[in-house]
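Please read this briefing alongside the coordinates. It goes topic by topic.

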Amino acid sequence: MDDTAGTAPGGGFDPRQAAALLDKSTRQARRAFTPLTPLLLTFRAVVALVVFGGCWLSVRGQHPYTGHISSWAIAVAVVLVVINIGWTAWLIGRAGTGVSGPAQRRWQAWTGIMAAAWIIGYAITAPEWHAGSGHPTWGLYPASAPLLIIGLAGAAIAAAFRYWLLAGTALAIAAAAAAAGFGGPAGSWLILGIGLCAVFLGAAAFTAWRQRRNTVRP
Amino acid sequence: MTAELDPLIHVPTRLRIVATLAALPDGDALSFTRLQDMLGLTPGNLIIQLRKLEEAGYISRTKTRNGSAQKTMVTLTSLGRAALRAYTRALRDLLGGLDIDAPSPGNTVDEISAERMRS
């Protein structure tokens, strides 16, 4: 494209065209540099609903309650989580291609810390599995405790990094996990699924709004 | 009083360059290759536009060499950010009172200003 593209006769560049071009270019750049896209966040909402909903479907009819989650629910969860991790890694790589500087280094540190938090948050449940803890405890604990820890840690770290949307999202995840703790062994899965779905949909809507808002035109 | 648009930014290609770089956090740099890909410009055209912006102090370029490959990183300076903010304000002022969604084929900056004076 040369300098004359989009210009009016006489070499003047129409301010209305300039406003439209500025808004469009800004929106395109925001989309290109945003790693956590609205589509990914919407997918995470579906994942949360399907994964935790699957757990709830597995345990809701158990009398007496055993806490056993069916293998199909675990298989679906593994597949969706792997897709989520792969897609997230790809989007982060794409958004950060060719970008360097202090903010980019902060973002890389944040992703590393949060990856560790997710691993640690769920790894601490391994001894529970190994010890074969009581079913009522097991039914309640894995639904709420890991995400409570990850959410609170994530909110504190995101606030320290001044990632306010992520801090809000992480805090909302912790709140959903805390609420799930009151749902009983089976109900906690459902509360968490619905809660996380709502949190991710909210984050997706806010991200989409932030990307699309105009710079010049209302 | 008519809002004045910075002539250095008020060019489609340079406006796109500045808007793209402004979407990055303050202090972050973008590689020449990525910028070129995002804007769909030829290397020659991009170099010319970047040179003009650099001469005005709106962007800075740093070159790093990794073996035989040379990498150019482009950053919007604080002066460039301030210039874009001022340009955006000027655009808003200029378009204020006008129906900004109406088609305006062929209007120049002066014609827009005159239209605003009349309204």
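Residues are numbered from 1 along each chain as its sequence is written, while chains are lettered from A and ligands numbered from 1 in the order in which they are written.

**Confidence**
- Two residues are in contact if their C-beta atoms, placed from the backbone, lie within 7 Å.
- Where pLDDT is low, the predicted coordinates should not be read in detail.

**Chain B overview**
- Chain B holds five helices and three strands. Helices (H or I, at least four residues) and strands (E, at least two) are DSSP runs, numbered from the N terminus.
- The order of elements in chain B, from the N terminus on, is α-β-α-α-β-β-α-α.
- Chain B has 119 residues, of which 36% count as buried. A residue is buried if 20 or more other C-beta atoms lie within 10 Å of its own, exposed if 12 or fewer, and partly exposed in between, with C-beta atoms placed from the backbone.
- Take the contacts in chain B between residues at least 6 apart in sequence: 55% join residues at least 24 apart.

- An open sheet of four strands runs in the order 1(A)-1(B)-3(B)-2(B), with antiparallel pairing. Two strands pair if DSSP finds at least two bridges between them.
- Its edge strands are strand 1 (99-100) of chain A and strand 2 of chain B, each pairing on one side only.
- Strand 2 (residues 59-66) and strand 3 (residues 69-76) of chain B are antiparallel, with eight bridges.
- B:Ser60 has B:Thr75 as its bridge partner, B:Arg61 faces B:Val74, and B:Thr64 is bridged to B:Lys71.
- Strands 2 and 3 of chain B form a hairpin with two residues between them, and B:Gly67 in the turn has a positive phi of about 70°.
- Strand 1 and strand 3 of chain B pair antiparallel over two bridges. Here B:Leu30 stands opposite B:Val74.

**Helix 1 of chain A against helix 4 of chain B**
- The axes of helix 1 (residues 15-33) of chain A and helix 4 (residues 78-95) of chain B come within 10 Å and cross at roughly 135°. Axes are lines fitted to C-alpha atoms, for helices over the stretch in contact, and angles run from 0 to 180 degrees between N-to-C directions.
- The two helices are therefore oblique to each other (angles under 35 degrees count as roughly parallel, over 145 as roughly antiparallel, 65 to 115 as roughly perpendicular and the rest as oblique).
- Residues that meet here include A:Leu22 in helix 1 of chain A and B:Leu91 in helix 4 of chain B.

**A loop residue**
- A:Arg162 lies in the loop between helix 6 (135-160) and helix 7 (164-180) of chain A.
- Phi of A:Arg162 is near 65°, a positive value in a residue other than glycine.
- Most residues other than glycine have a negative phi.
- A:Arg162 counts as exposed because it has 10 C-beta neighbours inside 10 Å.

How values were computed: Predicted model: local features only at pLDDT ≥ 70, side-chain atom pairs only at ≥ 80, totals over all residues.
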